[in-house]
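Here is a short walk through one model, meant to be read with the structure open beside you.

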Amino acid sequence: MTTDLDQFITGLPKAELHLHIEGSLEPELMFALAARNGIEIPYASVEDVRAAYAFSNLQDFLDIYYAGASVLITQADFHDLAMAYFDRAAADGVRHAEIMFDPQTHTDRGIAFATVIEGLLSAMAEAEAKHGLTSALILSFLRHLSEEAAFEVLAMAEPYLDRIAAVGLDSSEVGHPPAKFARVFAAAAAKGLKRVAHAGEEGPPEYVVEALDLLHVDRIDHGNRAMEDAGLVRRLAGAGMTLTVCPLSNLKLCVVGDLADHPLDRMLAEGLRATVNSDDPAYFGGYVADNYRAIAKARGLSRDDLATLARNSFTGSFLPAAAIDRHLLAVDAWLSDG
Ligand code: HPA
Ligand SMILES: [Zn+2]
């Protein structure tokens, strides 16, 4: 069977490793939840919401993203949000998803940590039963808030530590270096959690170095600006460090001016374990297969390149080795049959 490139990408078994569940809130669901919960939102229509999604940097986006999350109130809201993502991801060939959630965005509005995580966990169980799609949770600290606040959210997570794979670090990067969170990441590591951090999206290569040396991360989220430092690229490649790259996010947040200038294939050529992810698909105009398609077209990627990206997504995941091996065989089978 020979499929066209679109079908090849959709059917390619893949993991998604960089996805903020709050960033999968589509305008239609935002309106439905606002009505269900009696919450006012500053938009007249779904079209109005989409028109507001023109960003010139990360902070522009974050302001709108945090405001959008205000419609999420009940456990059912978090369940419905995550289920909508899982249904969409399954249709894109996602077999495993490691999803970030930002508890502070909700607990600071008076929503209980348990409400958030119970809603997400019930959707995760449903996604596995419905689609065979496995998933894991990454608790992300908001880096514009204090170290003390990060410790508070880690304490709230205590009853759920066996259901959380990792901690992460997101929100406004510049001015909030990884060093600010070294102690809370060490505490998370002592509790057996893996570690990821956004670094080198807008922040300098030094933030990537800090994420490695001070946070002892298992993956770097984004990592684009690591490409400015040849020694750092060699270090990341030598360590087999996974980068969770998000092409459409990079375009929408002006990290790159044009996808034609995106460094993804240069990353692969330099031996970096790059992956392709959607970041905040409801805000950036595409889910994971849209990201594969956009970057394949912009940079002329081959089917072998796309299969490498899919393999990297499994080898960079927190799945057990046997599950990774099973998924890698599925990628190889699709490459030879697809
Ligand atoms: O791309 C991102 N960067 C930083 N923080 C975020 N929170 C959601 N998406 C992002
Ligand atoms: Zn992100």
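Which residues in α5 meet which residues in α7? In this predicted model, the α5 side of the contact is made by Gln75, Ala76, Asp77, Phe78, His79, Ala82, Met83, Phe86 and Ala90. Facing them from α7 are Thr115, Val116, Glu118, Gly119, Leu120, Ser122, Ala123, Met124, Glu126, Ala127 and His131. Sorted by class, this contact has 11 nonpolar, 6 polar and 3 charged residues.

As for the geometry, α5 covers residues 75-91 and α7 covers residues 113-131. Their axes come within 7 Å and cross at roughly 35 degrees, and the crossing of α5 past α7 is right-handed. Helix α7 also lies across β2 and β3, running at about 155 degrees to β3. That brings us to the sheet.

The sheet is open and has 8 strands, in the order β1-β2-β3-β4-β5-β6-β7-β8, with parallel pairing. Why is one side of β1 and of β8 left without a neighbour in the sheet? These two strands, β8 being residues 273-276, stand at the edges and have a single partner strand each, so one side of each has no neighbour there. From one strand to the next, the twist averages 25 degrees.

Now zoom in on β2, residues 94-101. This strand is mostly covered, with 8 of its 8 residues buried. On one side it pairs with β1 (residues 14-20), and it also pairs with β3 (residues 134-142). The table sets out these two pairings.

| Strand pair | Sense | Bridges |
|---|---|---|
| β1 and β2 | parallel | 5 bridges |
| β2 and β3 | parallel | 6 bridges |

Some individual partners are handy for finding your way around. Glu16 stands opposite Ala97 in β2. Towards β3, the bridge partner of Glu98 is Ala136, while Met100 stands opposite Ile138.

Finally, the ligand. Which residues surround ligand 1? Its surroundings are made up of His20, Gly23, Leu58, Tyr65, Asp170, Ser171, His198, Glu201, Ser249, Asp279 and Asp280. By class, this shell divides into 2 nonpolar, 5 polar and 4 charged residues.

Definitions and conventions. Residues numbered from 1 in each chain as written. Chains lettered and ligands numbered in written order. Predicted model: local features only at pLDDT ≥ 70, side-chain atom pairs only at ≥ 80, totals over all residues. Buried ≥ 20, exposed ≤ 12 C-beta atoms within 10 Å, placed from the backbone. Helix = DSSP H or I, 4+ residues; strand = E, 2+ residues; numbered from the N terminus. Pairing = 2+ DSSP bridges. Axes fitted to C-alpha atoms, helices over the stretch in contact; angles between N-to-C directions. Left-handed = near helix turned anticlockwise from the far one by under 90°. Contact = placed C-beta atoms within 7 Å. Nonpolar A, V, L, I, M, F, W, Y, C, P; charged D, E, K, R; others polar. Near = placed C-beta within 6 Å.
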